Amino acid sequence: MIKGDENNPHSRRLLNKVLLATPPYTLFKNDVRRAITPLGLISIAAVLEQNGYEVAILDISTEGYYNLKEDGDFVTYGLSEEQIKKRISEFAPDVFGVSCIFSTQLENAKKTLKLAKELNPNIITLTGGSHPTYAVEDMLNASFIDYVIIGEGELPTLQLLESLNNNRDTSIINGVAYKKEGKIIVNSPQFVENLDELPMPALHLLNMEKYFEINIPQNPYPKGKRVAQILTSRGCSAKCIFCTTTNFWGNRYRGRSAQKVVQEIKYLKERYNIDEIQFTDDNFTLNKKRAMEILEGIKDLNLHWCTPQGIAVWALDEEVIEKMRETGCYQLTFAIESGNQEVLKNIIQKPLDLRKVKPLVDKAKSLGIKIHAFCICGLPGETIKQMYETYNFAKDCDFDSASFFLATPLVGSKLLKVCQEKGYLREGMTCNDQLYKIGNINTPDFKSEEVQILVEQFNRDYNKKDKREKRFEEWKY
């Protein structure tokens, strides 16, 4: 069990009420407006509740899902500023934390934190997630942000609150950054070594019926009407140049036991009557034995399921695919990235043998499992010809659908460092531009505008034959 200071009873705490929030969400008008349960926040909340804190969660983007604000080519959805202030005031937290997973949501996260500080200058403000982890100084230079949680947040958040409540030195807490006497102090992250020690995510703090009502989860074309997401592992063994999550999770893979995963899925089925589960792991099948045990444990639950985050094809075989179909799998997303083996090996650094892909696609489709593909174009060192090879490889594999993305130099990625060192970044690029539809990389082999047009063409042409069951159109602005 993950516990804090057991000699610090609830009644003696100065900081006891904690409100955790997601910010409003901004995206292109015609992109999918998803409603996804904030898995990181409900895990942190569960640990805090386990240690006696009073916790609430405010999923601003989902609770204000139908509140749209247009700005040029973009739209922001979520509660209005007045609604956010009202909800903060009603709960009156001692501590207010906002997640910022994507750099594109940085301004939304900052505005939300600033609102809380304006309401109550004495409130303790926190932020965490991928962007703050890799942009600590930028976050702490904002006067309305007190602490940054680096990497996974369960242990640092709990230990920070325990230290503040007991007037202890916060400088020794790994995973916490803050400013002291004008100097920014950054401590290295810490990780939960045994994920089974984490309590059941605090789903009871969410309005789950709201997610079911909207029913546009990570895979926006679900088969079920009551869909839940679950993260069964953290990390991945690959070291893809464009990825930030590998480092975020400590550059290693940690999996929850099959027993704990099955227990949570059964709870979701019994408590919320779900009819579909979406596995949001970076690599659900890396440990084959564990994956097979999970599937065996859920085979009688009569659930649909899919892997919208992508799945490592190198960790798949026909036996696993057969078990997947037996247990309710209707779609797998193959993260192939490139159709050129040299690009995969020497540029992306992904351990995938492309010869393995089509036989597995054929096997899955013969069993009735649809296959979606992730592909990336516009990497430094890649040529236009190789990008066409990726498109043609996808056609040859006959994926049911595919998403072609522009290589995006995300904050925290090796790709960003390479582009900075070589002077490849598009002039004027900001965090708001770190979208997979905007070209941000110029190299001697291509211009960003050229690749942007090409990727738009690839998506349009390939997905004319999109075979997914598109049950929702109302998400379009």
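Helix 1 (residues 39-50) and helix 7 (residues 154-165) have axes that come within 9 Å and cross at roughly 40°. Here axes are lines fitted to C-alpha atoms, for helices over the stretch in contact, and angles run from 0 to 180 degrees between N-to-C directions. This is a predicted model, so local features need pLDDT of at least 70 and side-chain atom pairs count only at pLDDT 80 or more, while totals for chains, interfaces and linings use all residues. Residues are numbered from 1 along each chain as its sequence is written, and side-chain values use heavy atoms, with hydrogens and water left out. Helices (H or I, at least four residues) and strands (E, at least two) are DSSP runs, numbered from the N terminus.

**Helix 1 against helix 7**

- Helix 1 and helix 7 are therefore oblique to each other; angles under 35 degrees count as roughly parallel, over 145 as roughly antiparallel, 65 to 115 as roughly perpendicular and the rest as oblique.
- The crossing of helix 1 and helix 7 is right-handed. The label is left-handed if the near helix is turned anticlockwise from the far one by less than a right angle, and right-handed if clockwise.
- On the helix 1 side, Ser43, Ile44, Val47 and Leu48 do the touching, and they meet Glu154, Thr157, Leu158 and Leu161 in helix 7. Contact means heavy atoms within 4.5 Å.
- Sorted by class, the contact of helix 1 with helix 7 has five nonpolar, two polar and one charged residues. Ala, Val, Leu, Ile, Met, Phe, Trp, Tyr, Cys and Pro count as nonpolar, Asp, Glu, Lys and Arg as charged, and the others, Gly among them, as polar.

**Helix 7 on its own**

- Helix 7 has 12 residues and reaches 17 Å from its first C-alpha to its last, close to the 16 Å expected at 1.5 Å a residue. The expected span is 1.5 Å times one less than the number of residues.
- Helix 7 is mostly covered, with 10 of its 12 residues buried. Buried means under 20% relative accessible area, exposed over 50%, and partly exposed in between (1.4 Å probe, protein chains only).
- The buried residues of helix 7 include Glu154, Thr157, Leu158 and Leu161, which also turn up in the contact with helix 1.

**Helix 11 against helix 12**

- The axes of helix 11 (residues 288-298) and helix 12 come within 10 Å and cross at roughly 20°. That makes helix 11 roughly parallel to helix 12.
- Helix 11 and helix 12 cross with a left-handed sense.
- Lys288, Met292, Leu295 and Glu296 in helix 11 pair up with Glu319, Val320, Lys323 and Met324 in helix 12. That contact of helix 11 with helix 12 divides into four nonpolar, no polar and four charged residues.
- Lys323 is worth a look: it belongs to helix 12 (residues 318-326) and is buried, with a relative accessible area of 12%.
- Not counting residues up to four places away in sequence, Lys323 touches Met292, Leu295, Glu296 and Lys299.

- Phe96 sits in strand 6 (residues 95-99) and is buried, at a relative accessible area of 0%.
- Leaving aside neighbours within four places in sequence, Phe96 is in contact with Leu19, Ala21, Ile88, Thr112, Leu113, Ala116, Ile123, Ile124, Thr125 and Leu126.
- Thr112, Leu113 and Ala116 are among the buried residues of helix 4.
- Helix 4 (residues 106-119) has 14 residues and reaches 20 Å from its first C-alpha to its last, close to the 20 Å expected at 1.5 Å a residue.

**Positive phi at two glutamates**

- Most residues other than glycine have a negative phi.
- Glu181 has a positive phi, near 50°. This residue is in the loop between strand 9 (176-180) and strand 10 (183-186), and at 81% relative accessibility Glu181 counts as exposed.
- Glu337 has a positive phi too, near 70°. Glu337 lies in strand 16 (residues 329-337) and counts as buried, at 5% relative accessibility.

**Lys345**

- Lys345 is found in helix 13 (residues 341-348) and is exposed, with a relative accessible area of 57%.
- Lys345 and Cys240 are 105 residues apart along the chain, and their C-alpha atoms are separated by 9.6 Å.
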